Amino acid sequence: MMGGARHGMHGHGMHGHSVAAHVLRYLLRDKQEIGLTDEQIAKLRTIALDYDRAAIRGKAEVMVAERELHALTRDEQAEMAAIEAKVKEREALESTVRILGIKVKRDLMGVLTPEQQAKQKALWEEMRQRHRSSMKSAISAEQTETERLAEESTGGMEFSVASAGPSAG
C-alpha cells in the first residue's frame, strides 16, 4: 500500500523538481525568444515560489496521512470506516497537490501575453518534435544493432519453424 502511494507522489514531480520549477526553467530559458520583461520574470518567480511552498506542505500532509493509514491497517482493532475515511482523506490531499500543479502551470502561462504564449507553445512543440525524432532515431539504431547481433549469432543462417522439426516425409 505504501509503495503505491510513494510511487504516486513521485509521479507528479519532475525528478525532484516541482512542476513550477520545470515550467519556470523553460520560460526563463526562452525569455529572449518570447520577450519576457523583468517585471514578468519577477512575477513568474514569485508564483513558482508560492506554489513550491504550498506543494511542499501538501506533500507533507499526504505523507502524514499515508503513515496514519499504514498504522490503521496494522491495527486489527481499527474500524473499517476509519480506514476508509483515512484512504479518502489521503487521496483528497494528493488530489489537492495535483490540482495545485495544474493551477500553477496556468498561472505561470497567464503572466505571458497572448503573443508570448503562442511563441512559447511553438517553442515547446519544436522541442517535442526534436525529442520524438531523436527517440525514433535511437529506437531505429537499437533495432539495427539487435538485427546485426542476431545475424552474427546465427552465422547468417536463417531458421524457420518448418525446417526445425522432423520432416513428415
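Residues are numbered from 1 along each chain as its sequence is written. Since the model is predicted, local features need pLDDT of at least 70, side-chain atom pairs count only at pLDDT 80 or more, and totals for chains, interfaces and linings use all residues, while side-chain values use heavy atoms, with hydrogens and water left out.

**Confidence.** The mean pLDDT (the predictor's confidence in each residue, from 0 to 100) is 84, and 80% of the residues reach 70 or more. Over residues 1–15 the pLDDT is below 50, and this stretch has 16 contacts in the model beyond near neighbours in sequence; a contact means heavy atoms within 4.5 Å. Where pLDDT is low, the predicted coordinates should not be read in detail.

**Overall make-up.** Helices (H or I, at least four residues) and strands (E, at least two) are DSSP runs, numbered from the N terminus. Of the 169 residues, 25% count as buried. Here buried means under 20% relative accessible area, exposed over 50%, and partly exposed in between, with a 1.4 Å probe and protein chains only. Among contacts with a separation of 6 or more, 73% come from residues 24 or more positions apart.

**Two helices side by side in a table.** The expected span is 1.5 Å times one less than the number of residues.

| Helix | Residues | Number of residues | First to last C-alpha | Expected span |
|---|---|---|---|---|
| H4 | 38–74 | 37 residues | 54 Å | 54 Å |
| H5 | 80–110 | 31 residues | 44 Å | 45 Å |

In both rows the reach is close to the expected value. The buried residues of H4 include Ile 41, Leu 44, Tyr 51, Gly 58 and Leu 69. For H5, the buried set includes Ile 83, Lys 86, Arg 90, Glu 94 and Gly 101.

**Lys 86.** This residue has its place in helix H5. Lys 86 counts as buried because its relative accessible area is 13%. Its side chain joins that of Glu 68 through a polar contact of 2.5 Å. For such a contact, a pair of N or O atoms must lie within 3.5 Å; within protein, one must be able to donate a hydrogen and the other to accept it, and residues adjacent in sequence count only if both atoms are side-chain atoms. Leaving aside residues up to four places away in sequence, Lys 86 touches Ala 65, Glu 68, Leu 69 and Leu 72.

Thr 73 lies in helix H4 and is partly exposed, with a relative accessible area of 36%. The side chain of Thr 73 reaches the backbone oxygen of His 70 at 2.8 Å. Thr 73 and Ile 83 are ten residues apart along the chain, and 6.9 Å separates their C-alpha atoms. Ala 54 is also found in helix H4, and is partly exposed at 28% relative accessible area. From Ala 54 to Leu 100 the C-alpha distance is 8.0 Å, across 46 residues in sequence.
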